[in-house]
Amino acid sequence: SEGAFSGHCTFKNIVLSESLEYIGVQAFSQCYHLEKITVPQNSQLKHIDDAAFYDCNNLEDIAFPEGVERIGINVFLSCETLKNINMPSTVKDIGLTAFEPNTLISFSVDFRNPYYCTDENGILYSRDKRTVFASYQKITDEEIVLPDTVKKIGAQAFVTSPVKKFVLPDSVREISFEAFGESAVENINIPYGVERINDYAFHYCASLKEIEIPKSVQFIDSMAFDSCHVLKKVVIPEEVKYIAGDAFTDCDALTIYCYEDTTACYYATENDIPYVILEYPDMSELDALLYKYNQLD
């Protein structure tokens, strides 16, 4: 049940019974001596609740049997010695930051699972690869190119990621809460089609230097770029209609590039952020060509 062994367990190895169906919230959290959990392959275990093994920082080994359906939020957060995880085909719900981000040697999902799949980098996707859920495996590549099926970067998907460059496909329409928060990202493109930069999306990206907001974006939400201390240049188009007052808090090096009499221009003025007024391009030559084109039979 909830908190059953939390902070009090001195065992190194625990063997769970075959009949056990549920592990409660923080049931084994902060069991600092725990190294191995053995779950019988014919176990009835279905549900591991939130933070069940939180901060078991010597836990090295656990194997999930077929039948497990839910892994809760923060279940293995701060279990920094866990090495290899394979999710069974029956898992249909993996909570936010279920595993300490980016520390596992390998992370995979059984190929028969109808809800999730992974790639060679251990990135967790929905089965159709339209949503990125998480990045649990330790990635050594400096650049990650996401597949052109991806439409949504889920909440905390790449939080604390060591990757320096992300290439997002044009299909992406949503960058969710804290999607790249506290990551090492230096370079990223935001595709045209994204309408909102959600709360904390790039919070504390300490290496992010420059970003261009596409014309499709209308909202930049709370703390979206908070504490990006080396962020020097943000280009914000006139289409952006709302910028939260704390969207660029503690961005000490920031200059906003914007058009006159726009939301971005007013935001920069009100928050004492240096800004540069952009000039609208001369469209007369293009307009003339379009006029000629429209006259064609």
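A disulfide here is a pair of cysteine sulfur atoms within 2.5 Å. By that rule the structure holds zero disulfides. Cysteine 56 is in none, with the nearest cysteine sulfur, that of cysteine 31, 4.9 Å away. Cysteine 79 is likewise in no disulfide, and its nearest cysteine sulfur, on cysteine 56, is 5.1 Å away. Cysteine 56 is buried at 0% relative accessible area, and cysteine 79 is buried too, at 1%; buried means under 20% relative accessible area, exposed over 50% and partly exposed in between (1.4 Å probe, protein chains only).

A word on the model: it is predicted, so local features need pLDDT of at least 70 and side-chain atom pairs count only at pLDDT 80 or more, while totals for chains, interfaces and linings use all residues. Residues are numbered from 1 along each chain as its sequence is written, and side-chain values use heavy atoms, leaving out hydrogens and water.

Now for the strands, which are DSSP runs of E, at least two residues long, numbered from the N terminus. Two of them pair if DSSP finds at least two bridges between them.

| Strand pair | Sense | Bridges | Residues between | Turn residue, positive phi |
|---|---|---|---|---|
| S10 and S11 | antiparallel | three | four | glycine 122, about 75 degrees |
| S11 and S12 | antiparallel | three | four | lysine 129, about 60 degrees |

Both pairs are hairpins.
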